[in-house]
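Here are my notes for you, as numbered points. Have the model open beside them as you read.

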Amino acid sequence: MTCENCCIELIGIEKSFGAQKVLRGVNLPIRRGFTTVIVGESGQGKSVLLKHILGLIAPDAGQVIVEGRDVTRLRRSELKELRTRFGVLFQGAALFDSLTVFDNIALPLRERTRMPAAEVREKVRATLELLDLSGSEDKYPAQLSGGMKKRVGLARALQLDPEILLFDEPTTGLDPVRSHEVYQMFHETQKKLGYTSIIVSHDIPKIFNLADYIALLHEGVIQICATPEELQRCEKPLVRAFVERVMGRMYSSEIEDLALAAGI
Ligand SMILES: Nc1ncnc2c1ncn2[C@@H]1O[C@H](COP(=O)(O)OP(=O)(O)OP(=O)(O)O)[C@@H](O)[C@H]1O
Ligand SMILES: [Mg+2]
């Protein structure tokens, strides 16, 4: 591995679907214990990139190094083992409607471990407290707000103590204020637990201050992966155009939030 502080490194990833070349040599280091946010226009290949990290899609060329091992060369059983280190939260929170909050969160522990029931109860209770969900354990998903559902989804993703959490557009369907709360909660939980977090997001203004690193995927390559401050200082025209667009949106998004808060 060339990056010492990285738990994941994508090196020269290329991927086509038929005649469509989606990834054209993606290089991306993911630093351990930090939050990296992947941004880019719709259809640029952000979700495809995440799937490479989980070994759900094989690249045409390049390497996906996770904890020093090339995912593309692992056997099925090794891949399965590796995936237990990941927590994954996709667009919808994907909760089971017929299960209570408690049972939804306990599911990975019951299915994937032999943990005794009393310990399961204890662990789930501790997470409920961490994510401010105490008192909601007997509710069903239909009785929860959108933001609460996301918190339950995160609680479930945390049960197996993942080293790495992947979020693909985790605030889809939430209003601006709720999205902000969800990102704030992700940020605080990440700082408390210290896992590595990779977030694909369209909510760039909101995520800007919470990201340790921002990676811009455009035309099949990572144009820049840098801290928000470095990103703002970058002279590359394509990056500058992106930052200016985002800053414009940050301003209008603040107005939107204020209007919402004022009930306008
Ligand atoms: N399994 C697949 N088979 C064929 N084409 C695919 C497949 N998965 C993705 N694609 C194509 O690859 C391109 C990138 O898709 P991807 O879902 O990664 O975009 P994205 O950046 O996540 O977009 P969005 O922001 O809208 O979620 C799209 O044109 C999509 O149609
Ligand atoms: Mg996507």
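1. A word on terms before the sheets: two strands pair if DSSP finds at least two bridges between them. Helices (H or I, at least four residues) and strands (E, at least two) are DSSP runs, numbered from the N terminus. This is a predicted model, in which local features need pLDDT of at least 70 and side-chain atom pairs count only at pLDDT 80 or more, while totals for chains, interfaces and linings use all residues. Residues are numbered from 1 along each chain as its sequence is written, and chains are lettered from A and ligands numbered from 1 in the order in which they are written.

2. Six strands form an open sheet in the order 6-7-8-3-9-10, and the pairing is mixed. Strand 6 (86-89) and strand 10 (221-226) are its edges, each pairing on one side only. From one strand to the next, the twist averages 15° (axes are lines fitted to C-alpha atoms, for helices over the stretch in contact, and angles run from 0 to 180 degrees between N-to-C directions).

3. Within this sheet, have a look at strand 7 (residues 164-168) and strand 8 (residues 196-200), a parallel pair with five bridges. Phe 167 has Ile 199 of strand 8 opposite. Helix 5 packs on the sheet, where it touches strand 6 and strand 7, and its direction makes about 160° with that of strand 6.

4. An open sheet of four strands has antiparallel pairing and the order 2-1-4-5. Its edges are strand 2 (20-31) and strand 5 (69-70), each pairing on one side only. Strand 1 (residues 6-17) and strand 4 (residues 61-66) run antiparallel and are joined by five bridges; Ile 11 has Gln 63 in strand 4 as its bridge partner.

5. Which residue touches Leu 50, Ile 53, Phe 86, Val 88 and Ile 198, not counting residues up to four places away in sequence? That is Leu 166, with contact meaning C-beta atoms, placed from the backbone, within 7 Å.

6. Now the ligand. The residues around ligand 1 include Phe 17, Val 22, Lys 46, Ser 47 and Val 48, where "around" means a C-beta atom, placed from the backbone, within 6 Å. Helix 1 (residues 46-53) gives the largest share of this shell, three residues. By type, the shell has three nonpolar, six polar and one charged (Ala, Val, Leu, Ile, Met, Phe, Trp, Tyr, Cys and Pro count as nonpolar, Asp, Glu, Lys and Arg as charged, and the others, Gly among them, as polar).

Technical notes
Two residues are in contact if their C-beta atoms, placed from the backbone, lie within 7 Å.
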